Amino acid sequence: METMTPILSARNVHICFNLRGRVLHAIRGIDLDVCRGEVLAIVGESGSGKSVFTKSFMGLLDANGSITEGTIDYFGADDGRPIRLSALKKEKDWLKVRGREIAMIMQDPMTSLNPLKTIGDQIAEAVTLHQGLKGRAAHARAVEYLRDVGIADPEARSRQYPHEFSGGMRQRVVIAIAAACSPKILICDEPTTALDVTIQAQILELLRRLRDKYDLTIVLITHDLGVVANIADRVAVMYAGDIVELGTADEVFYDPRHPYTWALLSSMPQTGVKGEELFNIQGTPPNLFAEIRGDAFAPRNPQALKIDFVRQPPYFEVSPTHKAKTWLLDPRAPKVEPPAAVRRLRGQGARG
């Protein structure tokens, strides 16, 4: 990862949706820097706000949703001028950002591909739009991208249609289309969810290679901490529309401090013990239509303190690169030991 220079910066971002006269407060005051050249993983349960937050980088919020407070600034433009993404309203302005500056890979590759067009034509379309190449030159570049993402016999495959590809191959094609846009930031929304474990590892390794070759900054969205263990530089843990812990991958895996991070790590199959029941997080996420008092995770946290139900914790700094929003880090808090699964991970980190 390059020096920690932000390519995108979010400050106090709030996003709300109007649903039948009610307001759903989906994102609640997020502060986050995405740094040049890094792989930043955003992790959390379904409904925690991961996709909503990152879609706001590209103006892809649903019509009933909007940024109601805060700023999102992008610093990667070739002319060096920052772009205030949170202030863009017109589609023509967003078209200057989408694809050529920030691209996104959606969860289901089949819904992202046109079943009536060949794979080569779909990649060439992105090449023409964002790189200015046409005809044979665009097709040759499309074949090159197929080769880059590990498609065997790319020339022949470029003439085939999406239904002739397996799920893993379709995901590679979608990644090729995104890379053909020549973006600075690539957002990957659950890119391995529907794939088996072996293919998951191949896709993650592919993303790492493309990051190095094309100088990409990658934002990886997932609900599975295990997926990001070997690819992420930093990890942001989201809960109920807020980032509750942020640190390097090693810090979040081997020295986590927020009880929600403890719960996520404990519920990974990799941390289970043979013969023992796998841990699961009790309860449900909070109702985002209602005002949240205190720590949003408190009702599901068996180790919650009284203050967790009254006041929202601020960030407490664990190290210059690691912080968490939990009252357990307050010097006045009682000492609370993490679950056994997390203590085992700490031991692995110490040995590593």
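In what order do the 8 strands of the open sheet with mixed pairing run? Select them in this predicted model and read across: β6-β7-β8-β3-β9-β10-β12-β11.

Zoom in on the β11 end. Strand β12 (residues 322–324) runs antiparallel to β11, and 3 bridges join the two. To see a facing pair, select F316, which stands opposite A324 in β12.

α7 touches β6 and β7 (185–189), and its direction makes about 170 degrees with that of β6. Helix α11 (residues 259–266) also packs on the sheet, where it touches β3 (39–43), β9 (234–239) and β10 (242–248). The direction of α11 makes about 105 degrees with that of β9.

**The largest pocket**

Keep α7 and β6 displayed, and select M104, S112, A126, I177 and C181. Of the 25 residues that line the largest pocket, these lie nearest its centre. The pocket holds about 660 Å³ of space.

Colour the elements that give two or more residues to its lining: β6 (102–105), α3 (109–112), α4 (119–131) and α7 (167–180). α4 supplies the largest share, with 5 residues. Colouring the lining by class instead gives 15 nonpolar, 6 polar and 4 charged residues.

Start with strand β1 (residues 6–19) and strand β2 (residues 22–35), which pair in the antiparallel sense over 11 bridges. Pick S9, and its bridge partner in β2 is D33. Then follow β1 into the turn: the two strands form a hairpin with 2 residues between them. R20, in that turn, has a positive phi of about 50 degrees.

While side chains are shown, keep one rule in mind: in a regular strand they alternate between the two faces of the sheet.

Which residue in β5 does Y74 stand opposite? Select I83 to see the pair. Here strand β4 (residues 65–74) and β5 pair in the antiparallel sense over 2 bridges.

Technical notes: Residues are numbered from 1 along each chain as its sequence is written. This is a predicted model: local features need pLDDT of at least 70, side-chain atom pairs count only at pLDDT 80 or more; totals for chains, interfaces and linings use all residues. Side-chain values use heavy atoms; hydrogens and water are left out. On a 1 Å grid over the protein atoms alone, a cavity is a set of points where a 1.4 Å probe fits but cannot get out, and a pocket is an open set with protein on both sides within 12 Å along at least five of seven lines; lining residues have an atom within 4 Å of a point. Grid points are joined across faces, edges and corners, and a volume is the space filled by probe spheres set on the points. Helices (H or I, at least four residues) and strands (E, at least two) are DSSP runs, numbered from the N terminus. Ala, Val, Leu, Ile, Met, Phe, Trp, Tyr, Cys and Pro count as nonpolar, Asp, Glu, Lys and Arg as charged, and the others, Gly among them, as polar. Two strands pair if DSSP finds at least two bridges between them. Contact means heavy atoms within 4.5 Å. Axes are lines fitted to C-alpha atoms, for helices over the stretch in contact, and angles run from 0 to 180 degrees between N-to-C directions.
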